[in-house]
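Visitor: I would like to be taken through this structure with each label set against its rule.

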Amino acid sequence: MSAYPKLRVLHKQAARLKGGSPWVYSNEVVMDKGVKALPAGTLVDVVGEQGSEFGTAYFNPHSLIAARLLTGKLGARIDSAFFADRIQSARNLRDRLINAPYYRLLHADADGCPGLIVDRFDDVFVAQSGTAGMDALEKHWLSALIEEFRP
């Protein structure tokens, strides 16, 4: 059983998520008092009103994009190991395609890290977090980045 709060998607709004969209808009969720009180960046389990399970996301009650899915698994542990896996996958792909270590290492949703951009310039890295969720998870993704590259 997950310790994360549940974010319920309205039944009529669940089609986009079922189709694979990683975003949940604020008008697609049950915005009760408890959900509105969650701090920006809180990890949540995204579920449908009729029992559908969409995964673990981070939530911001003050944003049009209220939740951004991190994984399709409910109650997923989002820690340094989670980000190490995402960073390693992104690195492996770039290293296969690009001959020099100068590239965009993480491109947000495309690499499973919504709201996070990381550019690599050999042993120098520039990171930009564009969401409260990634700000809240900074210690984890920064630790994983340092462990993988030793910049």
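Guide: What follows is a series of questions about terms, each answered from its definition.

Guide: This is a predicted model, in which local features need pLDDT of at least 70 and side-chain atom pairs count only at pLDDT 80 or more, while totals for chains, interfaces and linings use all residues. Residues are numbered from 1 along each chain as its sequence is written, and side-chain values use heavy atoms, with hydrogens and water left out.

Visitor: How many helices and strands does the protein chain have?

Guide: The protein chain has five helices and eight strands, where helices (H or I, at least four residues) and strands (E, at least two) are DSSP runs numbered from the N terminus. Along the sequence their pattern reads β-α-β-α-β-β-β-α-β-β-β-α-α.

Visitor: Why does the radius of gyration of the protein chain agree with a compact globule?

Guide: The radius of gyration is taken over C-alpha atoms, and the globule rule is 2.2 Å times the number of residues to the power 0.38. For 151 residues that rule gives a value near 15 Å, and because the protein chain has 16 Å, the two agree. The C-alpha trace spans about 50 × 30 × 30 Å along its principal axes.

Visitor: Why is Tyr103 called buried?

Guide: Buried means under 20% relative accessible area, exposed over 50%, and partly exposed in between (1.4 Å probe, protein chains only). Tyr103 has 7% relative accessibility and therefore counts as buried. Tyr103 lies in strand S6 and, leaving aside residues up to four places away in sequence, touches Arg91, Arg94, Asp95, Ile98, Val118, Asp119 and Arg120, contact meaning heavy atoms within 4.5 Å.

Visitor: Why is Phe121 called partly exposed?

Guide: Phe121 has a relative accessible area of 42%, so the label is partly exposed. Phe121 lies in strand S7 (residues 116-121).

Visitor: What makes the largest nonpolar core, and which residues have the most contacts inside it?

Guide: A nonpolar core is a set of buried Ala, Val, Leu, Ile, Met, Phe, Trp, Tyr and Cys residues joined through side-chain atoms within 4.5 Å. The largest such core has 22 residues, and those with the most contacts inside it are Leu70, Ile78, Phe83, Leu105, Leu106, Met134 and Leu137. Two or more residues each come from helix H3 (80-97), strand S6 (102-107), S7 and helix H5 (138-149). Apart from this core lies another, of 16 residues, among them Leu17, Val24, Val46 and Phe59.

Visitor: How do you know that Arg94 and Asp111 meet in a salt bridge?

Guide: A salt bridge is a side-chain nitrogen of Lys or Arg within 4 Å of a carboxyl oxygen of Asp or Glu. The side chains of Arg94 and Asp111 meet at 2.7 Å, N to O. This pair links distant parts of the chain, with Arg94 in helix H3 and Asp111 in the loop between S6 and S7, 17 residues apart. Arg94 is buried because its relative accessible area is 11%, and Asp111 likewise counts as buried because its relative accessibility is 13%.

Visitor: Which label, buried or exposed, belongs to Arg77, and which to Asp79?

Guide: Arg77 has 67% relative accessibility and so counts as exposed, whereas Asp79 has 17% and therefore counts as buried. The side chains of Arg77 and Asp79 meet in a salt bridge (2.7 Å, N to O).

Visitor: How many salt bridges does the rule give?

Guide: The count comes to eight salt bridges, and Arg91, Asp95 and Glu148 are linked in a network of them.
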